[in-house]
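User: I would like to learn how to read the features of a protein model, starting with the overall picture and then going to single residues.

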Amino acid sequence: MTETQSVPLARSIGAYIFGILQAIIRFAFRLIYGAKGESMPPITDPILLESATSLARKIRNQELSSVQVLESFIRRVKEVNPILNCVVDERYDLALKEAAEADALIKSGQYSIEQLSKQKPFLGVPITTKDCISVKGMLHTSGLYERRDVRASQDADAMALMRKAGAIPFALTNVSEVCMWWESNNTVHGRTRNAYDTNRIVGGSSGGEGCIQSAAASAFGLGSDIGGSIRMPAFFNGIFGHKPSKLVVSNVGQFPAPFSAEQNTFLGLGPMSRYAEDLRPMLRIMAGEKAAVLNLDKDVDLTKMKFFYQESDGGGRLISAVDPDLTKAMKRVAQHLSEKFGTQQVKRIQLPQFRQSAAIWFANMRDDSGHGFAYQLGNLERDINTYLELFKWFFGASKHTFIGLTTAIMDSNQCKHGSPKYDHLVRKRNELRAELQKMLGDNGVLIYPTHPTVAPYHNEPIMRPINFAYTGIVNVLGFPATAVPLGKVGSEGLPLGVQIIANFNEDRLCLAVAEELERAFGGWAKPEVRL
C-alpha cells in the first residue's frame with residue numbers, strides 16, 4: 001500500500017471510530033435526559049399566528065391595534081418564559097406607551113395607509129433581539145458576568161433602522177457567553193430550552209431569539225452571525241433566519257465587536273422570523289442605504305435558476321455524520337425542485353473543500369491584533385487567565401462557563417496569523433470562494449445542511465464542538481445564506497431544515513427559494529393551536 005492510499009484508509013478508520021463514539025455519547029445523553037422533555041404550551045390567541053408583515057398591515061388598517069398586538073405577545077412571553085428561559089430583559093411599559101402612540105398616529109390621519117406602508121412598514125409591530133445587540137436602556141451583557149449590569153446607551157444601527165420603520169422593541173433574548181458558542185447558556189441568565197423539547201438546545205448565539213419566535217412569543221427579531229449564530233438557532237427552533245452578504249448591514253452596536261476589518265466581513269446582523277415573507281422587508285430596512293446593491297425589489301424567476309445541492313461536507317474531521325432525517329429532507333427538497341422546475345436545473349454536487357470547513361474558519365478568524373477569545377472573556381479590556389479560571393470552575397469559583405473557557409484554550413492553540421498554515425488555509429478559502437462564485441453566478445443557489453444533526457441535548461455540543469462548521473464556512477466566504485425550516489418535525493420530534501447559499505449580494509435568490517420551500521413544505525412547524 002502506498003502512502004497516498006493509506007491516507008484515505010486512515011481517514012475512513014478514524015471516521016468509523018468517531019461515529020461509534022458519537023453513537024455511544026448520544027445513547028448516554030438519552031439515558032440521562034429520558035425520551036422527551038416538556039413542550040411549549042398551546043397557542044390560544046390567533047394574533048400570535050400572524051406574520052409581522054400581516055400584523056403591520058392589520059394595524060395600519062385598524063383591524064388590530066398595536067396595543068392589542070403587543071399585549072398578546074407580552075402574555076405569551078409570561079406564559080412560556082418560566083419553561084423556556086428565552087427572555088432576559090423587558091421594557092413592557094415603555095413599549096405599551098410607544099404602541100399607544102403608534103395607534104394615535106394611525107387614527108390621526110396624518111399619513112395615508114399607503115404612506116405608512118412605505119415610510120413605516122412595520123409601524124406598531126413588536127420586535128425582539130438578542131442580548132448583544134444594543135437597545136437603548138436595556139441590558140447589554142452578551143452573557144458575560146462582568147457586564148451583568150451594563151445597559152445600552154443607544155440602539156445598534158440595525159435596531160435604530162427598525163425603530164424608524166415603526167417596530168417596537170419589547171424584550172431581549174438570551175445568548176451564549178460572549179456569543180461564541182452554539183448553546184445559549186451563561187452565568188448571567190442561565191440556560192435557554194427548546195420549545196419543542198426542553199431537554200434540547202436552542203443553539204447559539206441567537207438561541208433565545210430563535211426560541212422566543214418558535215414559541216410564538218415574538219413576531220420577528222434581529223440576530224447576529226459570525227459562525228452560524230443566526231442559522232443554527234433558526235434551524236434548531238424551526239424558523240427562518242438570514243445571514244446577509246458581507247458588509248451590507250451595519251454591525252455597529254454588537255458586542256463583542258470584531259477585532260479587524262476582515263473579521264467585520266464575517267459578522268452579519270440579520271433578520272429572523274417564523275415567516276419567509278418578513279425577511280425581505282426586514283433586510284431592506286436593516287441594510288439602509290446599502291439596500292440598493294441587493295436589488296431586493298427585482299423579481300426572481302425561479303424557472304431560470306440553477307439549484308445545486310450537497311448532502312454533506314464529505315466527512316470533515318471530528319464532525320458528525322448527517323442525520324438520516326436530514327438527508328431525506330434534502331432529497332425531498334431536490335425532488336420538489338426537479339419536479340417543478342426541471343431535472344436539468346437541479347444538480348447534486350460534492351465539493352471536497354467543504355471537508356476542511358472547520359480548519360478554514362478557525363484560521364481565517366485569526367488577525368494581526370494579537371487578541372483572541374480570552375480577550376473577549378476579559379470584556380475586550382484584557383486577556384483572562386483561562387487555565388486559572390478553568391481550575392476555579394471545578395470548584396464553582398469561576399464566573400465563566402466551562403465551554404467558554406475550553407473554547408478560549410482551543411482558540412489559543414489554533415494556527416497563528418501569518419504562519420505557513422494560516423497562509424495555506426486562507427488560500428484554501430479563496431479557492432473555494434472563487435469556485436463557488438463561478439458555479440453560482442447571478443442565478444444559482446447551493447442547498448446545504450444547516451447542521452449535521454437536529455437539536456442536540458443540553459451540553460451535548462461539548463462532545464460535538466466542530467459541528468458548527470456547516471454554517472461557519474459561509475461566514476468566512478462572505479456569502480449570504482438563509483436557514484429554511486421544512487414544515488414538520490422529524491423522528492425525534494424536532495424541526496428539520498436546510499440552508500440556501502447564494503453569491504455576493506444575491507440575497508434575493510436565497511429569500512426567493514426560501515419562500516418557494518415554505519409554500520412547498522410549510523415553513524415554521526407551528527406548536528399545538530387551541531382557538
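**Reading the model**

Analyst: Of the 531 residues of the protein chain, 61% count as buried, where buried means under 20% relative accessible area, exposed over 50% and partly exposed in between (1.4 Å probe, protein chains only). This is a predicted model, in which local features need pLDDT of at least 70, side-chain atom pairs count only at pLDDT 80 or more, and totals for chains, interfaces and linings use all residues. Residues are numbered from 1 along each chain as its sequence is written, and side-chain values use heavy atoms, with hydrogens and water left out.

User: How many helices and strands are there in the protein chain?

Analyst: Helices (H or I, at least four residues) and strands (E, at least two) are DSSP runs, numbered from the N terminus. The protein chain has 18 helices and 13 strands. Its radius of gyration is 22 Å, close to the 24 Å that the globule rule gives for 531 residues, so the chain is as compact as a globular protein of that length. That radius is taken over C-alpha atoms, and the rule is 2.2 Å times the number of residues to the power 0.38.

User: How is a pair of packed helices described?

Analyst: By the angle between their axes and the distance between the axes. Here, the axes of helix α3 (residues 66–84) and helix α4 (residues 92–108) come within 8 Å and cross at roughly 155 degrees. Axes are lines fitted to C-alpha atoms, for helices over the stretch in contact, and angles run from 0 to 180 degrees between N-to-C directions. Helices α3 and α4 are therefore roughly antiparallel to each other; angles under 35 degrees count as roughly parallel, over 145 as roughly antiparallel, 65 to 115 as roughly perpendicular and the rest as oblique.

User: Which residues of α3 and α4 make the contact?

Analyst: Contact means heavy atoms within 4.5 Å. Among the residues involved are Leu70 and Ile74 of α3, and Leu96 and Ala99 of α4.

User: Is Ala171 buried or exposed?

Analyst: Ala171 is buried, with a relative accessible area of 2%. Ala171 lies in strand β3 (residues 168–173). Leaving aside neighbours within four places in sequence, its contacts include Val87, Ile127 and Met138. Ala171 and Met138 are 33 residues apart in sequence and 8.7 Å apart in space, C-alpha to C-alpha.

User: Where is Arg280 placed, and what does Arg280 touch?

Analyst: Arg280 is in helix α10 (residues 279–287) and is buried, with a relative accessible area of 14%. Not counting residues up to four places away in sequence, Arg280 touches Leu296, Arg508, Leu511, Ala512 and Glu515.
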